[in-house]
Amino acid sequence: MGQYDESHQQAFNILTSSKLAEAFDLEKEDPALRDRYGRGRAKQIDDASPMHMDQFVLARRLVEAGARCVTLGFGGWDYHDNAMRRARREFPKLDQGVSGLVQDLHDRGLDQDVTVVVWGEFGRTPKINKIGGRDHWPAVSCALLAGGGMRTGQVIGETDGHAAEVKSRPVHFQEVFATLYHNMGISADRLVLNDLSGRPQHLIGNHKPIREII
């Protein structure tokens, strides 16, 4: 273990901790609270990978066990066809899981310490295609941020009436990353890491945290 750096040691400590095993035992969770989060799996219309509702409450339990970063995979949004029919089934589940997580973090006094970010890697076309879906659209996307002691309850940035192009206050992906690093106490604007070739790389370039919310 002495050969590993502090981050590796912290990860191993979490993986070998009895707290981690207890965090995965959802039967110890209040049944009423699990109902508020949403239970089990909601199968997607296209029968792709199942969406696990239990992972939302599990994320909170992992944070309490010592995990610094938890990633949830809530996929199935590649709506190239039948977008509205599929969205009506999946959006309520996402809403229930995210709202349950955010409310639970507030109720436990963790909202100042835990940042929640919900987003994908790109937006969708502003016009419906001929088979009732939306294709990939890199010009405009969106993200939802909560907790982290941030000044939430704001809409930052504006598009035109069709959500096709940015109209004012564009927010770069790196600004979101800079905000997350800031909330974790990492000075990403000054931190330089060497890549596999030994070349120094800046994490976020010249981008700063989102000024409106920190």
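Reply: A contact here means heavy atoms within 4.5 Å. The model is predicted. Leaving aside neighbours within four places in sequence, Tyr37 is in contact with Met53, Phe56, Val57, Arg60, Gln96, Gly97, Gly100, Leu101 and Asp104.

Me: Why is Leu94 called buried?

Reply: Buried means under 20% relative accessible area. Leu94 has 16% relative accessibility, so Leu94 counts as buried. Leu94 lies in helix α5. Apart from neighbours within four places in sequence, Leu94 is in contact with Phe56, Phe74 and Trp77. Asp81 is 13 residues from Leu94 along the chain, and the C-alpha atoms of the two are separated by 20 Å.

Me: What makes α4 a mostly covered helix?

Reply: Nine of the twelve residues of α4 are buried. Among them are Gln55, Phe56, Val57, Leu58 and Ala59. Arg60, Arg61, Leu62 and Ala65 are also buried in α4.

Me: How do you know that the length of α4 is close to the expected value?

Reply: The expected span is 1.5 Å times one less than the number of residues. For the twelve residues of α4 the expected value is 16 Å, and α4 reaches 17 Å from its first C-alpha to its last, which is close to that value. After α4 comes Gly66, with a positive phi near 120°.

Me: What makes a set of residues a nonpolar core, and which members of the largest one touch the most others?

Reply: The members of a nonpolar core are buried residues of nonpolar kinds, Leu, Phe and Tyr among them, joined through side-chain atoms within 4.5 Å. The largest such core has 23 residues, of which Tyr37, Phe56, Leu62 and Leu105 touch the most other members. At least two residues of this core come from each of α2 (18-23), α3 (31-37), α4 (54-65) and α5 (83-107).

Me: How do you know which residues line the second largest pocket?

Reply: A lining residue has an atom within 4 Å of a point of the pocket. Those lining the second largest pocket are Asp5, Glu6, Ser7, His8, Gln10, Ala11, Arg68, Cys69 and Met184. The lining divides into three nonpolar, three polar and three charged residues. Ala, Met and Cys count as nonpolar, and Asp, Glu and Arg as charged. The pocket holds about 270 Å³ of space.

Me: How many residues of the whole chain count as buried, as a percentage?

Reply: Of the 214 residues of the protein chain, 29% count as buried. The chain has six helices and ten strands.

Definitions and conventions:
Residues are numbered from 1 along each chain as its sequence is written. This is a predicted model: local features need pLDDT of at least 70, side-chain atom pairs count only at pLDDT 80 or more; totals for chains, interfaces and linings use all residues. Side-chain values use heavy atoms; hydrogens and water are left out. On a 1 Å grid over the protein atoms alone, a cavity is a set of points where a 1.4 Å probe fits but cannot get out, and a pocket is an open set with protein on both sides within 12 Å along at least five of seven lines; lining residues have an atom within 4 Å of a point. Grid points are joined across faces, edges and corners, and a volume is the space filled by probe spheres set on the points. Buried means under 20% relative accessible area, exposed over 50%, partly exposed in between (1.4 Å probe, protein chains only). Helices (H or I, at least four residues) and strands (E, at least two) are DSSP runs, numbered from the N terminus.
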